[in-house]
Amino acid sequence: DGDEELHPNVFLAPKSRQAGSPPTLQAIRDSFPLPGHYHFRFKSPLFPGADREKGAMAVWMDVTKDNQTVPTWQNGIIAKVTRLSMEEEDDDDDDDFNRPHVSTPAAAPAQPSRAPPSHASSTVSAGSADHLDIFDGP
């Protein structure tokens, strides 16, 4: 997507319907310029209003309800957006219940792993034996 740490991707967020209030997650989703389904995380002050103070601590808040207003940081909206899928997702979760269940065969059991060779059974060349004896002492 061309995002770089020094030059992050930016888009203009819509204005809120209520003056002085940030937009809702639904408004951000509707104006988001890339296709697909995304998870939004917004930068927010640890304590309300603390972002006006020098050295304020920020946290990242996950916003999942479409009618919730998004958090702001220093009078702006800063988001980390993670793509969940390339397809637009409909909000009709009932489709998952109407699909026939397809079972997959169980995987074959894994072969038991061999234990690593014990120290006593390993062989060491005569040239390197003097380096290992520091661990073999009483």
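Biologist: Where does E87 sit?
Modeller: E87 is in the loop between β3 (79-85) and α2 (95-98). Bear in mind that this is a predicted model.

Biologist: Is E87 buried or exposed?
Modeller: Exposed, because its relative accessibility is 59% and the cut-off for exposed is over 50%.

Biologist: Which residues does E87 touch, leaving out those up to four places away in sequence?
Modeller: E87 touches G36 and H37. The C-alpha atoms of E87 and G36 are separated by 4.6 Å, with the two residues 51 apart along the chain.

Biologist: Switching to the inside. Which residues make up the largest nonpolar core?
Modeller: Eight residues: L25, I28, F32, Y38, F40, F42, V63 and V70.

Biologist: Which elements give two or more residues to this core?
Modeller: Those are α1 (25-31) and β1 (37-45). The most comes from β1, which gives three residues.

Biologist: Take I28. What does I28 touch, not counting residues up to four places away in sequence?
Modeller: I28 has contacts with F11, A13, P14, P23, F40, F42, V70 and I77. F40, F42 and V70 are also listed in the largest nonpolar core.

Biologist: Now the rings. How many aromatic pairs are there?
Modeller: The count is three. One of them is F32 with F40, an edge-to-face pair at 5.4 Å centre to centre and 85° between the planes. Both F32 and F40 are buried.

Biologist: And why is the pair of F40 and F42 called stacked?
Modeller: The planes of F40 and F42 are at 10°, and planes under 30 degrees apart count as stacked. The ring centres of F40 and F42 are 6.1 Å apart.

Biologist: Which residues form the aromatic cluster?
Modeller: F32, Y38, F40 and F42 form one cluster. These four are also among the residues of the largest nonpolar core.

Biologist: Last one, S44. Which strand does S44 lie in?
Modeller: S44 lies in β1.

Biologist: Why does S44 count as buried?
Modeller: Its relative accessible area is 11%, and buried means under 20%.

Biologist: What is S44 in contact with, leaving aside neighbours within four places in sequence?
Modeller: S44 is in contact with M57, A58, V59 and M61, and also with P71, T72 and W73.

How values were computed: Residues are numbered from 1 along each chain as its sequence is written. This is a predicted model: local features need pLDDT of at least 70, side-chain atom pairs count only at pLDDT 80 or more; totals for chains, interfaces and linings use all residues. Side-chain values use heavy atoms; hydrogens and water are left out. A nonpolar core is a set of buried Ala, Val, Leu, Ile, Met, Phe, Trp, Tyr and Cys residues joined through side-chain atoms within 4.5 Å. Buried means under 20% relative accessible area, exposed over 50%, partly exposed in between (1.4 Å probe, protein chains only). Helices (H or I, at least four residues) and strands (E, at least two) are DSSP runs, numbered from the N terminus. Contact means heavy atoms within 4.5 Å. Rings of Phe, Tyr and Trp (its six-membered ring) pair if their centres lie within 6.5 Å; planes under 30 degrees apart count as stacked, over 60 as edge-to-face and the rest as tilted.
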